[in-house]
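Here is a short briefing to read with the structure open beside you.

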Amino acid sequence: MTAKTYNYKRVYVWSLVVRFFHWTTAFSTTILIITGFIIADPPAISQNVEATNSYWFGYVRAIHFITAFILVAAVIFRFYWSFVGNRFASWKNFIPFTKKGISNIWHVLKIDILLMPDKEHKLSNISIGHNYLAAFSYLIMTLLFVLQFSTGFALMSPTSDFWFTDMFSWVLPLFGGDIPVRYIHHISTWMFIIFVVVHVYLVLYHDYVEGRGEVSSMISGYKFVRSERFNKSKIKNREVLSDE
Amino acid sequence: MRKTVKKEDTYYENIIKKGYSRRDFMKFATVMTAFMGYESSVVSQVVKALETKKRIPVIWEHFQECTGCTESFIRSDHPLVSDLILDTISLDYTDTLMAASGHNAEAAKQESMKENYGKYILIVEGAIPTKNEGYCTIAGRSAIEVLKESAAGAAAILAFGSCSSWGGVQAAHPNPTGSVPVDEIIKNKPIIRVPGCPPISEVMTGVVVHYATFGRLPDLDSMGRPKQFYGKRVHDSCYRRPNFDAGLFAETYDSEEAKKGYCLYKAGCRGPVTYNACGSMEWNNGVSFPIKSGYPCIGCSENNFWDNGPFTERLTNVPGMGIEATADKIGKIVLGATAVGVAGHAILTNLAKKKELKAAHKMAIKNKKRIKE
């Protein structure tokens, strides 16, 4: 491989809505995991006080519930946005069962996970928005969100009068009562933790190896794309991104 | 035992005949209304119904059980409650409590079932074995056969206790007799689950009186339990709940905190996942219930409660992963493995992509030099 300088251009990939969704999800998931573990196994921090004067555990639960509602609102809005947002936010990115999607997944597996040398170095192999494997992992996370919402709100439904939580009351008999539902809720929390570790690592990996501003893209919205990738547009002085 | 009772009599007539006063009857109606969860204005409706409506016959079948439900039932809170149902009014057949035995008892049952076809309530205590019909035979007939016969003419079936509701201890892993709850055998009848090991006796009386008063079965929740009694978790009516919200927990049984009555959540209490009326109705004339006596709820009215891990631990074991494999232990191991994998990948990246990274670095250094100051 010959050393060569490439021209990179700034491309606006993640719209404000997508970035806002990302950080809402990141923060609320973090809060939910922390409060969730406190609820599962509370530390015995207060002793020798009257119950009348203390409510800290009640507040932890309240934070958990409120954050859950924020997160579900964010996920519902993101679902809507996948139909009206730009092409990097579209639902089509998350379903890789096309020829292009599957070949992209193979490429990502070979180059990024198995670390094989990239011999041909085709431009089209490098995704501008999500690569298909990453997007597919977000689809699985979305399904996990649905599982987590439905088990969580189902556990909340007997003591709630809100129609939204009551919508999930059928989940309790489906799994055979509160005990298994609570258990599923607990186990899938661990899957979120594992996801966060892998997700953050791979973002750092891509930033390090490719140098296209992967980390900052979720803050600024811009990624850097090689200039070969652009079509010369008929409109003067403007360049349009080619459709691979 | 029912020779003194003419089947045309109303509940009220039977009570008066038995020697109770009108005042006792009014007390009973008021207690039942309260148990059923209605406001005091409904008392007159209950009184009117018991005065005018014909008694509803009850047939009680026993299968794979320990008779604990019957024991609980005869220790009913209000003496009139058990008296009314047991001696005077409704119970036409129950092999544990009835005076008759053998052929006479069977004949009484057959007679009652024939006379009241489509009208009687069938109470089932105990699970039904399916692997071998010989596991539970009564008067030489298998449990399935007896159940199917009694259920055929029943207006409704009351699955009394955790065994007939969910399967109970004999359906716990590995379920050697292939025990199943009533609803897996009988599909075409309304089945009311009254789970508990044992359940609170007033619940059953409450269901019978509800049926007599309103002519229909009480509202059931999504798991087939009467909402009046199983609408809330034990946790929601527990007198120790303020300690839970305040974060005051007892870690061990004989600790200072346990003596102070702190919440038993960390001792594995199943109150937060168990639907029952223990916290509000309590047991043995309202004397106590497990949590009040200092022991955590074991969730005896929940489905499959025997197999849901150690009673005294919050987190149940992961099935099929060994005795000590809780979700948190497995989670920590997987997290550790992921961290090792990620670190390994990071190291391998630097080795495998050495050329690319070096070339990029070289180019970048070159570019730096080219910058005009």
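A word on angles to begin with: an axis is a line fitted to C-alpha atoms, for helices over the stretch in contact, and angles run from 0 to 180 degrees between N-to-C directions. With that in hand, helix 9 of chain B runs at about 150° to strand 9 of chain B. Please keep in mind that this is a predicted model.

**The sheet in chain B**

- Chain B holds an open sheet of five strands in the order 2-1-3-7-9, with parallel pairing.
- Strand 2 (91-94) and strand 9 (191-194) of chain B are the edge strands, each pairing on one side only.
- On average, and with direction ignored, neighbouring strands of this sheet are turned by 20° against each other.
- Strand 7 (residues 154-160) and strand 9 of chain B run parallel and are joined by four bridges.
- If you look along strand 9 of chain B, you will find I192(B) there, standing opposite L158(B).

**Helices across the strands**

- Helix 9 of chain B lies across strand 1, strand 3, strand 7 and strand 9 of chain B.
- Helix 6 (residues 102-115) of chain B lies across strand 1 (58-62), strand 2 and strand 3 (120-125) of chain B.
- The angle of helix 6 of chain B to strand 2 of chain B is about 135°.

**The nonpolar cores**

- The largest nonpolar core has 84 residues, and those with the most contacts inside it are I121(B), L122(B), I157(B) and L158(B).
- Helix 9 (residues 201-214) of chain B gives this core its largest share, seven residues.
- Domain 1 (11-229) and domain 2 (234-307) of chain B each provide at least three residues of this core.
- Another core, of eight residues, lies apart from it and includes F145(A), F153(A), L155(A) and V181(A).
- Which residues is I121(B) in contact with, leaving aside its neighbours within four places in sequence? They are I56(B), V58(B), A154(B), A155(B), A156(B), L158(B), V208(B) and Y211(B).

**Where the chains meet**

- Chain A brings 41 residues to the contact, and chain B brings 41 residues.
- Helix 2 (56-84), helix 6 (171-175) and helix 7 (178-210) of chain A each supply at least two residues of the side of chain A that touches chain B.
- Helix 7 of chain A gives the largest share of that side, 14 residues.
- By residue type, the side of chain A that touches chain B has 26 nonpolar, 11 polar and four charged residues.

Terms used:
Residues numbered from 1 in each chain as written. Chains lettered and ligands numbered in written order. Predicted model: local features only at pLDDT ≥ 70, side-chain atom pairs only at ≥ 80, totals over all residues. Contact = placed C-beta atoms within 7 Å. Nonpolar A, V, L, I, M, F, W, Y, C, P; charged D, E, K, R; others polar. Core = buried A, V, L, I, M, F, W, Y, C linked by C-beta atoms within 7 Å. Buried ≥ 20, exposed ≤ 12 C-beta atoms within 10 Å, placed from the backbone. Domains from an automatic or database assignment. Pairing = 2+ DSSP bridges.
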